[in-house]
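Please look through the chain shown below together with its model, keeping both in view while reading the report that follows.

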Amino acid sequence: MAGKPPTGDPVQDAPDVAAPQRAAAGLPAIAHSLRHARRQMGVRRTALTLLKVNQKDGFDCPGCAWPEPDKRHAAEFCENGAKAVAEEATLRRVAPAFFAEHSVASLAQRSGYWLGQQGRLTHPMYLADGAEHYEPVTWERAFDIVGEELAALDGPDEAVFYTSGRTSNEAAFLYQLFAREFGTNNLPDCSNMCHESSGSALTETIGIGKGSVLLEDLYKADLIIVAGQNPGTNHPRMLSALEKAKAGGARIITVNPLPEAGLERFKNPQNAKGLAGGGTPLTDLFLQIRLGGDQALFRLLNRLVLETEGAVDEAFVREHTHGFEEFADAARAADWDETLRATGLRREEIESALRMVLASRRTVVCWAMGLTQHKHAVPTIREVVNFLLLRGNIGRPGAGVCPVRGHSNVQGDRTMGIFERPAPAFLDALEKEFGFAPPRHHGLDVVRAIRALRDGEAKVFFAMGGNFVSATPDTDVTEAAVRRARLTVHVSTKLNRSHVVTGARALILPTLGRTERDRQAGGEQFVTVEDSMGMVHASRGRLAPASDQLLSEPAIVCRLARRVLGAQSSTPWEEFEKDYGTVRDRIARVIPGFEDFNARVARPGGFTLPHAPRDSRTFPTATGKANFTAAPVEYPGVPEGRLLLQTLRSHDQYNTTIYGLDDRYRGIKNGRRVVLVHPEDARELGLADGSYADLVGEWTDGTERRAPGFRVVHYPTARGCAAAYYPETNVLVPLDHTADTSNTPASKSLVIRLESAARPDPAGEGSVAT
């Protein structure tokens with residue numbers, strides 16, 4: 001069972017638990033960063049590498065997509081950024097001898113943490129049909145294997161080309177170009193699992209599926225609402241921006257089921273105040289909302305704004321919006337009692353929030369997975385847009401929508417065409433530039449790709465980065481689906497679980513990391529990325545590659561395309577591999593906003609992509625205006641005796657990459673199988689602090705989904721809610737439990753029951769009664 005705890009790892013079944021912390025960063029963050037970096041890279045390599053992170057002449061952090069300010073600190077990285085760099089620039093190696101020693105079956109019993117700690121992959125590796133071990137293979141043979149399997153398909157749509165958000169703009173553009181020239185739009189990516197709901201809602205309401213604010217807007221804001229987001233762990237550099245906004249007079253409302261240390265107090269390690277231990281209190285009002293209650297909260301706030309004389313920006317609404325009357329009718333029907341039930345908040349808390357809203361002329365709303373991963377995620381984000389439109393807070397300096405993306409180039413991948421439902425205008429431009437007819441029918445997103453693999457409709461799975469089986473929902477279903485493939489291929493820097501859950505045949509293709517120098521026939525190359533706010537800039541690695549057998553991602557795509565497409569392709573793949581500048585020239589002719597790409601990205605700091613709602617208050621929607629919407633208010637119902645579970649990251653984690661077994665800010669040490677439950681809920685369920693329980697999902701299909709052996713931690717979460725780390729709890733997320741419209745897995749609203757269980761025996765010899 002996928003939910004079963006792994007074996008052969010350091011003891012993770014009896015974590016130590018202390019009180020959660022009330023502040024983030026400071027000297028402990030520096031100490032943890034340097035300790036982790038030295039352990040992976042050594043002292044000299046640590047110094048040389050970290051001082052180049054996020055610098056204008058350096059490389060983009062392989063962690064989050066938070067933008068850099070124009071004036072940068074010498075240490076322009078956070079604790080988790082330092083860990084991400086250290087994991088990539090590690091001196092540890094996974095060479096062919098490792099695979100000779102460890103069978104695939106034995107590796108499948110190890111945890112993702114153990115696999116990731118083994119180091120960098122050094123050689124292309126091949127698992128033959130029926131073999132027990134990966135064996136080294138030449139690059140030429142690897143491309144032949146992929147070519148053989150693709151040629152044997154009944155049609156191009158039997159192949160799936162997945163992309164992780166860490167892929168550069170150049171690699172992403174080439175990858176989608178190859179897939180479409182091959183004949184498919186099956187280009188699922190990690191956006192399908194995170195901010196797809198944001199893109200869906202924003203495209204409908206303001207005409208572009210990206211945020212409308214820049215860093216300078218945060219600094220100018222009067223009010224910043226941070227909803228469903230934990231920047232202290234997931235985007236720590238955002239705390240510096242919030243601190244600067246506070247210094248400029250901004251107030252902050254935090255909307256979250258869990259109190260988060262970084263949003264309580266930030267001890268900035270880049271200044272004396274933070275290092276001295278005082279820090280800056282960030283949150284002015286904490287609304288501890290129940291999971292899934294955000295739409296109800298914003299709907300009621302909208303009603304209250306409508307009822308306040310002079311609060312609506314009537315000129316903006318009249319000149320720039322559509323659908324106001326229908327929206328207003330729905331908002332005026334918002335019910336206080338129903339909202340209090342949905343949110344778990346007190347009336348006076350909402351009234352306090354309203355006073356702050358009315359006192360603000362310039363408001364920014366930031367959000368992340370806490371809003372996007374619910375069944376009603378898209379109407380929730382639409383309601384956030386309604387809230388901002390009411391007071392003219394889109395297209396005004398210091399105001400706007402701010403979906404905070406995860407992976408460092410996840411937004412850029414989508415801009416480059418990594419999308420299963422491409423716009424006709426993009427396909428028209430691609431056809432004009434490259435002279436072939438790209439497919440026009442929609443392809444598969446992540447959830448639909450898993451179904452296609454499960455049902456035998458997809459037979460080849462190719463992943464450009466990422467850890468697909470650990471990142472995706474319904475782990476048992478996903479792993480069984482992947483094992484039905486004829487071939488699975490992973491372009492990777494490090495070992496992960498996706499390499500040991502394979503099709504009949506499998507390839508691991510090792511690639512350069514962001515930190516490494518990229519030399520091609522045309523000389524030393526650089527790549528580009530787009531951050532969460534639409535800034536495009538260069539990234540140049542400086543380290544020697546981990547192995548002379550590594551190829552860059554652009555080189556892998558170009559060589560694969562030459563092998564698979566052959567003479568039928570007139571695309572200059574060999575030229576693209578030699579000189580990435582030629583790729584950027586083509587991007588400039590295909591994608592609006594990238595005109596004169598090479599010259600503009602050569603400037604220190606890069607350039608900002610156009611954003612019509614922000615730049616000119618024009619809205620490229622079907623109506624030509626910003627659209628108010630009026631969806632019914634929804635929130636998850638939970639039967640008596642059950643809890644609503646959200647999956648989340650620990651502090652020692654970035655997506656599915658586990659850096660360590662601690663969650664320092666939440667007081668968890670040396671373990672990950674914990675479930676955070678409000679003390680009153682736990683007592684009603686008869687679960688003492690420190691007892692053990694199985695997490696059992698309840699879903700309409702009647703299938704039992706179980707994650708066993710979790711330590712119960714009494715924790716100050718919202719009543720009726722619980723939290724536990726992924727990927728360990730992805731086994732509980734039904735494949736068909738997805739957001740309407742976006743099809744994003746609804747990982748933040750899982751109905752579970754807790755069944756008392758025996759405490760796992762650390763010695764692995766059975767269980768100990770609790």
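Are helices H18 and H19 roughly parallel or roughly perpendicular to each other? Helix H18 (residues 336–343) and helix H19 (residues 347–359) pack at an angle of about 100°, with 10 Å between their axes, and they are therefore roughly perpendicular to each other. Angles under 35 degrees count as roughly parallel, those over 145 as roughly antiparallel, those from 65 to 115 as roughly perpendicular, and the rest as oblique; the axes are lines fitted to C-alpha atoms, for helices over the stretch in contact, and the angles run from 0 to 180 degrees between N-to-C directions. Helices (H or I, at least four residues) and strands (E, at least two) are DSSP runs, numbered from the N terminus. On the H18 side the contact (heavy atoms within 4.5 Å) is made by Trp336, Thr339 and Leu340, and on the H19 side by Arg347, Ile350 and Glu351.

This is a predicted model, in which local features need pLDDT of at least 70 and side-chain atom pairs count only at pLDDT 80 or more, while totals for chains, interfaces and linings use all residues. Residues are numbered from 1 along each chain as its sequence is written, and side-chain values use heavy atoms, with hydrogens and water left out.

The largest nonpolar core has 58 residues, of which Phe161, Phe462 and Trp573 touch the most other members. Its largest share, eight residues, is supplied by helix H8 (residues 169–182). Such a core is a set of buried Ala, Val, Leu, Ile, Met, Phe, Trp, Tyr and Cys residues joined through side-chain atoms within 4.5 Å, where buried means under 20% relative accessible area, exposed over 50%, and partly exposed in between (1.4 Å probe, protein chains only). Not counting residues up to four places away in sequence, the residues touched by Trp573 include Leu174, Leu177, Phe178 and Glu181, as well as Val557 and Leu565. Apart from this core lies another, of 50 residues, among them Phe298, Val312, Phe327 and Val378.

His537 lies in strand E22 (residues 535–539) and is buried, with a relative accessible area of 8%. Its side chain makes a polar contact of 2.8 Å with the side chain of Asp60; a polar contact is a pair of N or O atoms within 3.5 Å, and within protein one must be able to donate a hydrogen and the other to accept it, residues adjacent in sequence counting only if both atoms are side-chain atoms. Leaving aside neighbours within four places in sequence, His537 is also in contact with residues including Glu68, Val527, Val601 and Gly605.

Pro379 is found in helix H21 (residues 377–390) and counts as buried at 10% relative accessibility. The C-alpha atoms of Pro379 and Val633 are separated by 8.1 Å, although the two residues are 254 residues apart along the chain.

Most residues other than glycine have a negative phi, and most peptide bonds are trans.

| Residue | Phi | Relative accessibility |
|---|---|---|
| Asn655 | about 50° | 18% |
| Asn743 | near 65° | 9% |

Asn655 is placed in the loop between strand E26 (653–654) and strand E27 (657–658), whereas Asn743 lies in the loop between E32 and E33. Pro727 also lies in the loop between strand E32 (721–725) and strand E33 (750–757), and the peptide bond from Tyr726 to Pro727 is cis, with omega near 10°.
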